Amino acid sequence: MPDEAFNKALPKAYDFREVEPHWYKEWTEKGLFVATFDPERPYFSMVIPPPNVTGVLHIGHALNNTLQDILVRYKRMDGYNTLWVPGTDHAGIATQIVVERRLDAEGQSRHDFGREKFIEKVWEWKASSGGKIIEQLKALGCSCDWSRERFTMDKGLSRAVREVFVCLYEEGLIYRGNYIINWCPRCRTALADIEVEHKQTEGRLWYMRYPLAEKSKEITKFITVATTRPETMLGDTAVAVHPEDPRYKDFVGKDLMLPLINRRIPVVADAVVEPEFGTGAVKVTPAHDLNDFEIAKRQGLQSINIFDENAILTEAAGQYAGLDRYEARDQVIADLKKQGLLEKEEAYDLAVGICYRCKTVVEPRLSKQWFVKVAPLAGPALKAVKDKQTILVPASWERTYDEWMTTIRDWCISRQIWWGHRIPAWTCAACGEVIVAREEPEACPKCGNTDLDQESDVLDTWFSSAIWPFSTLGWPDKTPELEIFYPTSVLITSFDILFFWVARMMMMGLHFMGDVPFKHVYLHALIRDIEGKKMSKSKGNVIDPLTIIEKYGTDAVRFTLAAFAAQGRDIKLAEERIDGYRHFVNKIWNAARFVLLNLKTGEEAMAEPPEPDSFSDPSERWILSRLNQVTGNVRKALDEFDFDVAAKELYQFFWHEYCDWYLELAKPALTGAEPDRQDAARWVTLTVLDHTLRLFHPFMPFVTEELWHHLPGQRDHIMVSPFPEPVNAWSDARAEGIIKQVMEVVSSIRNARSELGIHPGAKITVIALPHSEKAYHFLDSQENAIKTLAGVETLDLPREGELRPEDTAAVILEDLEVFIPLEGFVDIKEELQKLTKEEKKLGKELAKTEAKLKNENFLFKAPQEIVQKERDKINKFQIKLKKICSHKETLEGILRS
RNA sequence: GGGCGGGUAGCUCAGUGGGAGAGCAUCGGCCUUACAAGCCGGGGGUCACAGGUUCAAAUCCUGUUCCGCCUACCA
């Protein structure tokens, strides 16, 4: 009898809004996310890729953190000491921009406050509106150990940053120097190479004439150079040509007169010049082009800086001082034209560098910056991946990693902004000595002067991120956390920060901890919109995870993301897909509701699992056998980071095997009058539900936790219950074979019914004709199952040869036939057509198979089992064909009569 | 310029040497007492194109083409 209490306890439709908020609170309050330190158990640890404090959760975060949470929940259930460290990144430039914009809205700028006051403002902002994203991660269900939440600028981490900086400096791996760096005139700071994005732009190539300083009779009077940035000519200090270029041989060593500025500049020979490009002569602007800077170093040329920090022309640009770089460009062109020195201009596409934060066109600029010498760090990091100490998943990234690590240039780590870790270097005002120290020095160690200026630059945000895996665990102290949880087990991140972050963590981890920071790096795809475009606010194609969570529920969103997370491919996310999985969550809910409805009131025990042998019904042995396989498959998939495979396996099993077949098969037993059969069915329905809920939990934490507490018996939380192990004793190939055949028979009868137009509710009589003893036993024993599922009232089972029923439609299977009486309402001609169509199809396949078997090469070279398989096919086809023919004859007979 | 990934059903994608698959969409039939957010059934594909290897190719190789991404100091 259905239990009314349960019926009331579980509403007919799942309402995630009711269920989700409750459980997260309870998990947190009970401290279930807090790391365990049991020395007996293996460990599993991860550090979160720290989102920006300014950030709001976007769909990429949702994917990233869902995958992390799936893993950590799986491992936690599986008995590991687990630690998932959460935190946020101070995101130097990004955060400073946010706060500056707010000030700007009030008509103020950071300079109105000064450095200290401004930084205070940022901290205030962080306290009031930063870290929103942490709350959003909680809504997503992330089971981070929140008691260990860190921030890249908190006290401990700042100390670690300083320690790392000082050590590297003392080892000579950090240096200061004058180099061409990428300068963002809007952010007014240097950028690292990878912080510059390249955008294909329609530009122009201008050809300008530089006359010879001393006119000579033998040679032409000028050299033409081509450039995409004519304004930089104001800072030219030479023109370079290829040493072998016959056109310019006579010019080398002579001086040209730089137009507009009237400065004498030499013509130099340098091998980097491509004679084929442009005119084969290149203007050299050492202060504003890396290539030119290198030439200048080789040729001993001077550098003239013509831009200030806002990309406004300086005094060095003479009459052009005070102009913006683009105004200057127009002016220079106009003036050259006037003097007849602009030979021509042509359209030219080029890739311009833009700031990855604010998209302003960057200006290469010569300036004094701090650098990390990367080569000595990159070597070990390269080797660690080659030696599989850290395994990249998917492995295809190894090549990219490799290439980047071998061509990497020194890392510019100083930024001319205020928000960040200030570089711990001081300069003595008296003697100029540079002091790098952990603590602020009181006096110059060289001359004793106390007038010291601290370096005003701060460190690149990625500098502190690079040490995140160990700084968050307490380094430089020797903590139990470091002892137990380093190296971390896996890092899950998006591939677009492989270089920004992962590679640098590898270098720093190896250098300071002497070990890799993580054993596995799983690089997941980027989520794109349905057209494959990157999601961005300006394009208006973003899917906001918070909105869809609101709409479909967290579990549905999480499951969707997991099901999409196939390795090595971008994810094109369409919202409709989430709706499908929302239905699935409801399906689970209702299956559970059904199981509970059929349990005895209250006391139904999960006591001792009976041996599968003791079940009389193959359907029960089958579903347990399948559960055993599925459990193994899910574990394997998760161990290999195949989240999509795990999700799909579970989906298929739960819906299309457990719900569609097993629960339907169990209905007669559950509602029947045989107590033993009823108990067995109850036990199996409940056991499979119990196991699958636990298998589902990492993907769908909320609905599983809720249902778990409705199951009978004393239950702790599902999130700390054991993750199911395969039960090999349940494996039962015979039962699987039987049920497979039941499915075949039932499907064919259903198919025939549908095509014959027999009303689904109509209970019909069918005649089943076995062609073997085995088939007879099968039909005899599975009569009830077939009747239940195919809507059959009476199943007549004659012995072979006893009967050849007339006036019937036939379902022809391998060693049995099922006849459905036509009873006048079926078009025999249509039935004949159907049979003819099937006959044709079979005939084709038969011919194909026969041809194969006539091919001696095939017989000789193909493996035995493949050949045998083909032979079996022939048999099968021939029997079926024969039966189809005979049935056609019968029908034709009826037509004639 | 270099590198990587992809082109399979209307859409989104699995499948990586032996009889073309899933979800969604679509069409037809069902309110069968867990679920209409459901159930049952059907239709739909020269696996981008062209060569090659093989007894056998969606799968391996070569070329072509289209799409996407990353990378780059031809001014």
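Contact means heavy atoms within 4.5 Å. Keep that in mind as you work through this predicted model.

**Exercise 1. Find where P286 sits and decide whether P286 is buried or exposed.**

Step 1: Start with the chain. P286 is in the loop that runs between strand 12 (281-284) and helix 9 (290-299).

Step 2: Check the relative accessible area, which is 0% for P286. Buried means under 20%, so P286 counts as buried.

Step 3: Look for the neighbours. Leaving out residues up to four places away in sequence, P286 touches I180, G235, T237, D292, F293, A296, Q302 and S303.

Step 4: L473 is 187 residues from P286 in sequence, and their C-alpha atoms are 45 Å apart.

**Exercise 2. Work out the order of the strands in the four-stranded open sheet and which strands are at its edges.**

Step 1: Read across the sheet: the order is 6-5-14-16, with antiparallel pairing.

Step 2: Pick out the strands that pair on one side only. These are strand 6 (189-191) and strand 16 (411-412), the edge strands.

Step 3: Zoom in on one pair. Strand 14 (residues 363-372) joins strand 16 through two bridges, in the antiparallel sense. At one spot, V372 has W411 of strand 16 as its bridge partner.

**Exercise 3. Find how far apart the C-alpha centres of domain 1 and domain 5 are.**

Step 1: Locate the two in chain A: the domain assignment gives domain 1 as 31-162 + 466-524 and domain 5 as 827-897.

Step 2: Their C-alpha centres lie 64 Å apart.

Terms used: Residues numbered from 1 in each chain as written. Chains lettered and ligands numbered in written order. Predicted model: local features only at pLDDT ≥ 70, side-chain atom pairs only at ≥ 80, totals over all residues. Heavy atoms only, no water. Buried < 20%, exposed > 50% of the residue type's maximum accessible area, 1.4 Å probe, protein only. Pairing = 2+ DSSP bridges. Domains from an automatic or database assignment.
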